[in-house]
Amino acid sequence: MKKLHILFSLFFLVYLETVAQSRLKFEIYTGPQLQHQQLKNDLDPSMNFRNNISNHLGGNLLFGLKNDWQLTFQSELAGLNYSYDLPRSTPTGETIIRFTDNWILVPHFRIGLRKSWERENYAFFIQPSLGISTFGYSELIEIDTVNRIYSFKRNKTVVGNIGVEAGWKFYTSNKNYFLLGIRHHQGLGTLNKREFGFLEQDPVPFIQNRGSYTGLVLGYGIDFKGKTKTTKGMGNLERMERKAERRSTAWGDGPYLAVTGFLRFRPKSERIPNLEFSNIYGGNQLLAGYTFNSLSLETGYVRMGAYTRYDFSSGNRLRYVSTSYVLDAIPIRLRYHYDIGQKNRLRVGVSGAALYTLNTHYLSMSSFGQFSGNPQQSDFFVRVTPLEQESKGQIFYNAGIFSEIPLFNSCMLTWNFSRNFGSPAVGLVNFSGQTNGEPIDFNSSGSLNGWLMELGFKIPLYSILK
């Protein structure tokens, strides 16, 4: 995979040097997508296999031919995200535990042809393509059939793929453009099979992955031909006027999109002593809003890390058991701002939000302790069993201050300092086993409270589409 990425990069650099001022364009894109994986040989009762929404990120190099045709070279990474249910024994009896696999990336490489139908400010296009997909994975193999000893073996598969993409390009003043489209990618062979051999069912259940997906394409294209002669001939005064107009439009009323990443600092009551970095969890937001005078109303999607911890320390023995997970939420946020100065260089304000919780992800069974001999007879052995994989329908709150400064004249760089409060109980788990010579069996949960520091990018739509 690394060699293929290097080859694509070298190809890009060579063409950039030779034809950058004529026929070359480059696009970078991302977007949500849904993989089309399948579960074979399902259990009874069913494992309830589900393909979840993931995303993809890639680049597209385009070389102009003639009559609005272009040759395209694509390289991308597409994520896999799926979940399934399995029965598990817990101290309170048999239960169903939901498992989720994520952060798996599949590289795709394609060559295609694009046909565009040009208009003054936009264009429609369709693009068929073909290529290859690669996938590296670990396979569990039995190396000793007598003692049933297993080991992992690294494998890599390469299969062909075909795809088709259609969408629109919306041009800016210098002929760069925003990209909005839809793509279907179809794998022509099986990349790998995730087998569930430990379930001891014949035939063995497995997840078949071909790398196929359907998704949105949201991107930005750069035209290396540059500005026209008319544009180059404009004076400095006119350029400054356009700059001021774009900034004024960006800071005025209208809709906007925002992407932010943040760090959440947990309250002292949830922290592990002497482990400072354990006090921080990350998260991100994708938001849409509307500004009217000094008020802004926004909503979207928030994903944040959390954990459930319990202190089993006794005397000089420090024992902390924790399990981490990720929780989704929908915010409804109201902002009030004040612009400082007359040149739209700084905006400050306050904000308040209510957040509605959705599902919990990646909360799984785990064990901690001394595992020499029989774990149940160890001085310290704790099993963590999830009791609640969903936290949907709870409300918590956030309040804070923020500031914004201009970026590229038509966008804004945002900084927020706020605090979550009123968190519901999330990440409910059962702690069972033995510690300090005594049996344990109790439930505990985590929290979403704490201070947040955010850094983000805000895109006012009127200033871009104008």
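This is a predicted model: local features need pLDDT of at least 70, side-chain atom pairs count only at pLDDT 80 or more; totals for chains, interfaces and linings use all residues.
Residues are numbered from 1 along each chain as its sequence is written, and side-chain values use heavy atoms, with hydrogens and water left out.

**Figure 1. Aromatic pairs of the model.** Rings of Phe, Tyr and Trp (the six-membered ring for Trp) pair if their centres lie within 6.5 Å; planes under 30 degrees apart count as stacked, over 60 as edge-to-face and the rest as tilted. The count under this rule is twelve aromatic pairs. One of them joins tyrosine 171 and tyrosine 177 in an edge-to-face arrangement, with 5.9 Å centre to centre and 80° between the planes. Burial is assigned by relative accessible area: buried under 20%, exposed over 50%, partly exposed in between (1.4 Å probe, protein chains only). Tyrosine 171 is buried at 16% relative accessibility, and tyrosine 177 is buried at 0%. Tryptophan 415 and phenylalanine 417 make a stacked pair, because their ring centres are 6.3 Å apart and their planes are at 5°. In this pair tryptophan 415 is partly exposed, at 37%, and phenylalanine 417 is partly exposed as well, at 29%.

**Figure 2. Charged ends over aromatic rings.** A charge sits over a ring if NZ of Lys or CZ of Arg is within 6 Å of the ring centre and within 35 degrees of the ring normal. Lysine 169 places its charged end over the ring of tyrosine 177, 5.1 Å from the ring centre. The ring of phenylalanine 125 has the charged end of arginine 114 over it, 4.1 Å from its centre.

Figure 3. On a 1 Å grid over the protein atoms alone, a cavity is a set of points where a 1.4 Å probe fits but cannot get out, and lining residues have an atom within 4 Å of a point. Grid points are joined across faces, edges and corners, and a volume is the space filled by probe spheres set on the points. Strand 13 provides the largest share, three residues. By class the lining has three nonpolar, three polar and four charged residues, where Ala, Val, Leu, Ile, Met, Phe, Trp, Tyr, Cys and Pro count as nonpolar, Asp, Glu, Lys and Arg as charged, and the others, Gly among them, as polar.

**Figure 4. The second largest cavity.** The volume of the second largest cavity is about 70 Å³. Its lining comprises 16 residues, with Ala250, Gly252, Gly254, Thr291 and Pro460 lying nearest the centre. At least two lining residues are supplied by each of helix 3 (236-250), strand 13, strand 24 (450-460) and helix 4 (461-465). The lining divides into eight nonpolar, five polar and three charged residues.

**Figure 5. Strand 22 and its partners.** Seven of the ten residues of strand 22 (residues 426-435) are buried. Two strands pair if DSSP finds at least two bridges between them. Strand 22 runs antiparallel to strand 19 (residues 380-386), to which seven bridges join it; here glutamine 434 of strand 22 stands opposite phenylalanine 381. Eight bridges, also antiparallel, pair strand 22 with strand 23 (residues 438-446), in which isoleucine 440 stands opposite glycine 433.

**Figure 6. Strand 4 and its pairing with strand 1.** Strand 4 is largely enclosed by the rest of the structure, because nine of its twelve residues are buried. Strand 1 (residues 24-35) pairs with strand 4 over eleven bridges in the antiparallel sense. Glutamate 27 has asparagine 60 of strand 4 as its bridge partner.

**Figure 7. Asparagines with positive phi.** Asparagine 48, in the loop between strand 2 (38-40) and strand 3 (50-51), has a phi near 50°. Asparagine 48 is partly exposed, at 38% relative accessibility. Asparagine 67 occupies the loop between strand 4 (53-64) and strand 5 (69-90), and its phi is about 55°. At 60% relative accessibility, asparagine 67 is exposed.

How values were computed: Helices (H or I, at least four residues) and strands (E, at least two) are DSSP runs, numbered from the N terminus. On a 1 Å grid over the protein atoms alone, a cavity is a set of points where a 1.4 Å probe fits but cannot get out, and a pocket is an open set with protein on both sides within 12 Å along at least five of seven lines; lining residues have an atom within 4 Å of a point.
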